[in-house]
Amino acid sequence: LLRNGDLAIGNDSLIRDAETKIPISEETMSKLKTATIGGASAAVGGIAAVLAAPAVLSAAGFGAGGIVGGSVAAAWMASSGTVAAGSTFAILQSIGAAGLGMAATGGLALGGAAVGAGIFAAYKWCKRT
């Protein structure tokens with residue numbers, strides 16, 4: 001949520017209630033909100049990466065039945081000639097046909113989380129200057 005140009009989380013009345021029961025300084029509360037939003041940004045980035053990957057590969061032409069004719073993947077394959085085992089193209093083709101394995105899903109989630117956290121950090125940095 002955006003409130004007065006600042007990121008806001010949850011229900012402010014819950015935060016105020018917590019402040020009355022547990023005395024927390026304004027600086028500590030600010031750090032807590034920042035950490036919560038940063039963690040949420042990383043989680044959203046990780047989830048989005050895992051959910052978007054199959055759609056992006058399919059749109060590029062790496063389908064369950066192989067390379068889709070007239071697609072970006074087909075043009076790439078036509079321009080590269082023989083596809084070497086283990087190459088980027090071969091890996092994308094395998095993922096398009098069989099889906100993401102457990103290791104690839106974890107790696108993609110971590111990469112997406114890093115991007116989400118990086119975007120949040122950049123937002124915070126830009127807001128300071």
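Reply: A helix here is a DSSP run of at least four residues, and a strand is a run of at least two. The model is predicted. By that count, the chain has 5 helices and 4 strands. Along the sequence they follow the pattern β-β-α-α-β-β-α-α-α.

Now to the rings. The structure holds 3 aromatic pairs. One of them joins tryptophan 76 and phenylalanine 89.

Where do tryptophan 76 and phenylalanine 89 lie? Tryptophan 76 sits in helix H3, which covers residues 72-80. Phenylalanine 89 sits in helix H4, residues 88-98. The pair therefore ties together parts that are 13 residues apart in sequence.

Next, look at how each partner is covered. Buried means under 20% relative accessible area. Phenylalanine 89 has 4%, so phenylalanine 89 is buried. Tryptophan 76 has 34% relative accessibility and counts as partly exposed.

The pair also belongs to a cluster. Phe62, Trp76 and Phe89 form one aromatic cluster.

Finally, step back to the whole chain. Of its 129 residues, 18% count as buried, and phenylalanine 89 is one of the buried residues. The accessible surface comes to about 8500 Å². Carbon and sulfur atoms account for 68% of that surface. Among contacts with a separation of 6 or more, 59% are between residues 24 or more positions apart.

Technical notes:
Residues numbered from 1 in each chain as written. Predicted model: local features only at pLDDT ≥ 70, side-chain atom pairs only at ≥ 80, totals over all residues. Heavy atoms only, no water. Buried < 20%, exposed > 50% of the residue type's maximum accessible area, 1.4 Å probe, protein only. Contact = heavy atoms within 4.5 Å. Areas by Shrake-Rupley, 256 points an atom, 1.4 Å probe, with all protein chains shown as cover. Phe/Tyr/Trp six-rings, centres within 6.5 Å; stacked < 30°, edge-to-face > 60°.
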